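Please look through the structure below with its sequence at hand. The paragraphs that follow take up aromatic rings and then a pair of helices.

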Amino acid sequence: QPSTVVHPWQGKRVAYFGDYITDPRNKAAKKKYWGLLADWLQIEPYVYGVSGRQWDDIPLQTDQLLKEHGQDVDAILIFCGTNDYNNGVPVGQWWDERVTQVEYGHGQPKQMVTRRQRTPSMDPTTFCGRINIAMDSLKRTFPTKQIVLLTPIHRADFHANEKNWQCDESYTNQCGEYLDVYIDAVKQAANIWAVPVIDWNALGGLYPLLDEQALYFNNADTDRLHPNDRGHERLARTLYYQLL
(Lines give C-alpha, C1' and ligand atoms only; values in the text may rest on other atoms or scores of the structure.)
Protein backbone atom coordinates (compact mmCIF):
# COMPACT_ATOMS: atom_id res chain seq x y z
CA GLN A 1 0.00 0.00 0.00
CA PRO A 2 1.43 3.43 -0.91
CA SER A 3 1.65 5.74 2.07
CA THR A 4 -0.41 8.92 2.05
CA VAL A 5 1.70 12.07 1.78
CA VAL A 6 1.17 14.47 4.67
CA HIS A 7 1.66 17.98 3.33
CA PRO A 8 4.47 19.70 5.29
CA TRP A 9 2.48 22.93 5.47
CA GLN A 10 -0.57 21.23 7.01
CA GLY A 11 -1.94 23.35 9.87
CA LYS A 12 0.83 25.98 9.68
CA ARG A 13 0.40 29.67 10.45
CA VAL A 14 1.25 31.65 7.31
CA ALA A 15 1.41 35.42 6.77
CA TYR A 16 0.54 36.71 3.30
CA PHE A 17 2.00 40.05 2.20
CA GLY A 18 1.14 41.87 -1.02
CA ASP A 19 -1.41 43.94 -2.90
CA TYR A 20 -5.00 43.75 -4.19
CA ILE A 21 -4.86 40.11 -5.33
CA THR A 22 -4.08 39.14 -1.71
CA ASP A 23 -6.27 41.81 -0.04
CA PRO A 24 -9.30 40.30 1.80
CA ARG A 25 -11.40 43.18 0.40
CA ASN A 26 -10.66 42.07 -3.18
CA LYS A 27 -14.07 41.77 -4.88
CA ALA A 28 -12.78 40.00 -8.01
CA ALA A 29 -12.84 36.64 -6.20
CA LYS A 30 -15.08 35.40 -3.41
CA LYS A 31 -12.38 33.07 -2.10
CA LYS A 32 -8.74 34.05 -2.45
CA TYR A 33 -5.81 31.64 -2.96
CA TRP A 34 -4.98 31.81 0.76
CA GLY A 35 -8.57 30.94 1.67
CA LEU A 36 -8.41 27.83 -0.48
CA LEU A 37 -5.14 26.78 1.16
CA ALA A 38 -6.88 27.24 4.52
CA ASP A 39 -9.63 24.86 3.35
CA TRP A 40 -7.29 22.26 1.87
CA LEU A 41 -4.46 22.34 4.41
CA GLN A 42 -6.00 24.07 7.46
CA ILE A 43 -3.31 26.75 7.10
CA GLU A 44 -4.15 29.64 9.42
CA PRO A 45 -3.85 32.76 7.23
CA TYR A 46 -2.59 36.11 8.55
CA VAL A 47 -3.37 38.39 5.61
CA TYR A 48 -1.74 41.82 5.23
CA GLY A 49 -2.03 42.53 1.50
CA VAL A 50 -3.51 45.95 0.65
CA SER A 51 -4.86 47.09 -2.71
CA GLY A 52 -2.41 49.13 -4.79
CA ARG A 53 0.58 48.58 -2.53
CA GLN A 54 4.13 48.23 -3.82
CA TRP A 55 7.30 46.66 -2.42
CA ASP A 56 7.92 49.75 -0.25
CA ASP A 57 4.89 48.69 1.82
CA ILE A 58 6.33 45.28 2.75
CA PRO A 59 8.27 46.66 5.77
CA LEU A 60 4.98 48.12 7.06
CA GLN A 61 3.26 44.75 6.63
CA THR A 62 6.23 43.16 8.43
CA ASP A 63 5.78 45.55 11.37
CA GLN A 64 2.06 44.83 11.49
CA LEU A 65 2.63 41.07 11.59
CA LEU A 66 5.14 41.46 14.44
CA LYS A 67 2.76 43.72 16.35
CA GLU A 68 -0.19 41.32 16.04
CA HIS A 69 1.48 37.90 16.27
CA GLY A 70 5.06 38.34 17.48
CA GLN A 71 7.06 35.24 16.52
CA ASP A 72 3.95 33.02 16.48
CA VAL A 73 4.04 32.48 12.73
CA ASP A 74 5.59 29.66 10.69
CA ALA A 75 6.11 31.26 7.29
CA ILE A 76 5.71 34.47 5.28
CA LEU A 77 4.71 34.55 1.60
CA ILE A 78 5.27 37.75 -0.40
CA PHE A 79 3.35 38.35 -3.64
CA CYS A 80 4.17 41.86 -4.81
CA GLY A 81 5.61 43.87 -7.70
CA THR A 82 2.92 44.38 -10.32
CA ASN A 83 2.10 47.85 -8.94
CA ASP A 84 5.78 48.85 -8.94
CA TYR A 85 5.77 48.04 -12.67
CA ASN A 86 2.51 49.93 -13.26
CA ASN A 87 3.75 52.97 -11.33
CA GLY A 88 7.01 53.11 -13.28
CA VAL A 89 9.34 52.50 -10.35
CA PRO A 90 12.90 52.36 -11.78
CA VAL A 91 14.47 48.92 -11.43
CA GLY A 92 17.77 50.29 -10.12
CA GLN A 93 20.63 48.09 -8.95
CA TRP A 94 21.14 45.52 -6.23
CA TRP A 95 24.51 46.72 -5.00
CA ASP A 96 26.45 49.82 -4.02
CA GLU A 97 30.15 49.22 -4.60
CA ARG A 98 33.29 50.90 -3.24
CA VAL A 99 37.03 50.33 -3.18
CA THR A 100 38.25 49.85 0.36
CA GLN A 101 40.88 48.16 2.55
CA VAL A 102 40.47 44.92 4.49
CA GLU A 103 42.77 42.62 6.50
CA TYR A 104 43.64 39.39 4.69
CA GLY A 105 46.17 36.62 5.17
CA HIS A 106 46.52 33.37 3.24
CA GLY A 107 49.77 31.43 3.69
CA GLN A 108 51.43 34.56 5.04
CA PRO A 109 50.77 37.02 7.88
CA LYS A 110 47.62 39.08 7.50
CA GLN A 111 48.00 42.55 6.07
CA MET A 112 45.84 45.34 4.69
CA VAL A 113 44.87 44.75 1.06
CA THR A 114 42.76 46.77 -1.36
CA ARG A 115 39.52 45.16 -2.49
CA ARG A 116 36.22 46.11 -4.05
CA GLN A 117 33.31 45.66 -1.65
CA ARG A 118 29.60 45.64 -2.36
CA THR A 119 26.69 46.23 0.00
CA PRO A 120 22.96 45.99 -0.79
CA SER A 121 21.54 49.18 -2.28
CA MET A 122 18.99 50.68 0.11
CA ASP A 123 17.51 53.17 -2.34
CA PRO A 124 13.74 53.38 -1.60
CA THR A 125 13.03 54.90 -5.02
CA THR A 126 14.11 51.76 -6.95
CA PHE A 127 12.61 48.27 -7.19
CA CYS A 128 15.84 46.51 -6.21
CA GLY A 129 16.40 48.94 -3.34
CA ARG A 130 12.86 48.41 -2.04
CA ILE A 131 13.29 44.63 -2.09
CA ASN A 132 16.63 44.96 -0.27
CA ILE A 133 15.09 47.20 2.41
CA ALA A 134 12.17 44.79 2.87
CA MET A 135 14.29 41.64 2.97
CA ASP A 136 16.81 43.20 5.34
CA SER A 137 13.93 44.03 7.69
CA LEU A 138 12.32 40.59 7.37
CA LYS A 139 15.55 38.66 7.92
CA ARG A 140 16.22 40.68 11.08
CA THR A 141 12.63 40.68 12.41
CA PHE A 142 11.84 37.03 11.69
CA PRO A 143 15.30 35.39 11.56
CA THR A 144 14.07 31.78 11.95
CA LYS A 145 10.94 31.92 9.79
CA GLN A 146 10.51 30.52 6.30
CA ILE A 147 10.11 33.34 3.76
CA VAL A 148 8.94 32.58 0.22
CA LEU A 149 8.78 35.05 -2.69
CA LEU A 150 6.12 34.77 -5.40
CA THR A 151 6.68 36.43 -8.77
CA PRO A 152 4.05 38.77 -10.23
CA ILE A 153 1.70 37.00 -12.64
CA HIS A 154 0.90 37.93 -16.24
CA ARG A 155 -1.34 40.98 -16.64
CA ALA A 156 -3.57 42.30 -19.40
CA ASP A 157 -5.87 45.34 -19.63
CA PHE A 158 -7.45 46.90 -16.54
CA HIS A 159 -9.92 49.71 -17.20
CA ALA A 160 -11.44 50.79 -13.88
CA ASN A 161 -12.24 54.39 -14.86
CA GLU A 162 -10.81 57.31 -16.85
CA LYS A 163 -8.12 57.92 -14.21
CA ASN A 164 -7.22 54.25 -13.72
CA TRP A 165 -6.70 52.85 -17.22
CA GLN A 166 -3.86 50.32 -17.27
CA CYS A 167 -2.48 48.74 -20.45
CA ASP A 168 -1.34 45.14 -20.78
CA GLU A 169 2.16 43.74 -20.27
CA SER A 170 3.06 43.93 -23.97
CA TYR A 171 3.78 47.63 -23.35
CA THR A 172 6.63 49.15 -21.38
CA ASN A 173 5.87 51.23 -18.31
CA GLN A 174 6.70 54.94 -17.81
CA CYS A 175 10.40 54.21 -17.32
CA GLY A 176 10.62 52.03 -20.43
CA GLU A 177 10.70 48.62 -18.73
CA TYR A 178 8.65 45.51 -19.46
CA LEU A 179 7.00 43.51 -16.66
CA ASP A 180 9.55 40.69 -17.20
CA VAL A 181 12.30 42.84 -15.71
CA TYR A 182 10.41 43.07 -12.41
CA ILE A 183 9.67 39.34 -12.45
CA ASP A 184 13.35 38.60 -13.06
CA ALA A 185 14.30 40.90 -10.18
CA VAL A 186 12.14 38.91 -7.75
CA LYS A 187 13.90 35.73 -8.96
CA GLN A 188 17.30 37.36 -8.42
CA ALA A 189 16.27 38.43 -4.91
CA ALA A 190 15.95 34.75 -4.02
CA ASN A 191 19.69 34.25 -4.48
CA ILE A 192 20.68 37.54 -2.92
CA TRP A 193 18.66 36.98 0.26
CA ALA A 194 18.69 33.17 0.51
CA VAL A 195 14.95 32.65 0.17
CA PRO A 196 13.09 30.35 -2.23
CA VAL A 197 10.99 31.83 -5.03
CA ILE A 198 7.89 30.28 -6.58
CA ASP A 199 7.60 31.50 -10.16
CA TRP A 200 3.83 31.99 -10.31
CA ASN A 201 4.24 33.85 -13.59
CA ALA A 202 5.53 30.65 -15.24
CA LEU A 203 3.85 27.96 -13.16
CA GLY A 204 0.44 29.49 -12.45
CA GLY A 205 -0.98 28.86 -15.92
CA LEU A 206 -2.80 32.21 -16.23
CA TYR A 207 -2.25 34.05 -19.53
CA PRO A 208 -4.81 36.87 -19.83
CA LEU A 209 -3.46 38.26 -23.10
CA LEU A 210 -5.46 35.58 -24.94
CA ASP A 211 -9.25 35.91 -25.07
CA GLU A 212 -9.55 32.19 -24.43
CA GLN A 213 -7.80 32.66 -21.06
CA ALA A 214 -10.04 35.52 -19.90
CA LEU A 215 -12.21 32.97 -18.07
CA TYR A 216 -9.69 33.09 -15.20
CA PHE A 217 -10.08 36.85 -14.69
CA ASN A 218 -12.57 39.28 -13.23
CA ASN A 219 -13.97 40.73 -16.47
CA ALA A 220 -12.97 39.89 -20.03
CA ASP A 221 -13.60 43.47 -21.22
CA THR A 222 -12.44 45.64 -18.32
CA ASP A 223 -10.32 43.59 -15.89
CA ARG A 224 -7.81 40.98 -16.97
CA LEU A 225 -5.50 41.98 -14.14
CA HIS A 226 -7.28 40.42 -11.16
CA PRO A 227 -8.02 36.67 -11.15
CA ASN A 228 -11.57 35.53 -10.36
CA ASP A 229 -12.53 32.47 -8.27
CA ARG A 230 -11.39 30.13 -11.03
CA GLY A 231 -8.08 31.98 -11.38
CA HIS A 232 -7.44 31.96 -7.64
CA GLU A 233 -8.15 28.24 -7.52
CA ARG A 234 -5.55 27.58 -10.21
CA LEU A 235 -3.00 29.74 -8.43
CA ALA A 236 -3.79 28.01 -5.12
CA ARG A 237 -3.31 24.56 -6.68
CA THR A 238 0.05 25.69 -8.01
CA LEU A 239 1.06 26.84 -4.52
CA TYR A 240 -0.21 23.62 -2.95
CA TYR A 241 2.18 21.53 -5.08
CA GLN A 242 5.11 23.98 -5.07
CA LEU A 243 5.07 24.23 -1.27
CA LEU A 244 5.63 20.47 -1.07
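**Rings and helices**

Tyr33 is buried, since its relative accessible area is 1% (buried means under 20%, exposed over 50% and partly exposed in between, with a 1.4 Å probe and protein chains only). The model is predicted, so local features need pLDDT of at least 70 and side-chain atom pairs count only at pLDDT 80 or more, while totals for chains, interfaces and linings use all residues. Residues are numbered from 1 along each chain as its sequence is written, and side-chain values use heavy atoms, with hydrogens and water left out.

Tyr33 forms an aromatic pair with Phe79, edge-to-face, at 6.3 Å centre to centre and with 90° between the planes (rings of Phe, Tyr and Trp, the last by its six-membered ring, pair if their centres lie within 6.5 Å; planes under 30 degrees apart are stacked, over 60 edge-to-face and the rest tilted). This pair links distant parts of the chain, as Tyr33 lies in helix H1 (residues 33–41) and Phe79 in strand S3 (residues 75–79), 46 residues apart (helices, H or I, of at least four residues and strands, E, of at least two are DSSP runs numbered from the N terminus). Phe79 is also buried, with a relative accessible area of 3%, and ring pairs link Tyr16, Tyr33, Phe79 and Trp200 into a cluster.

Elsewhere, the axes of helix H2 (residues 58–69) and helix H4 (residues 127–141) come within 8 Å and cross at roughly 20° (axes are lines fitted to C-alpha atoms, for helices over the stretch in contact, and angles run from 0 to 180 degrees between N-to-C directions). H2 and H4 are therefore roughly parallel to each other, a term for angles under 35 degrees, with over 145 counting as roughly antiparallel, 65 to 115 as roughly perpendicular and the rest as oblique.
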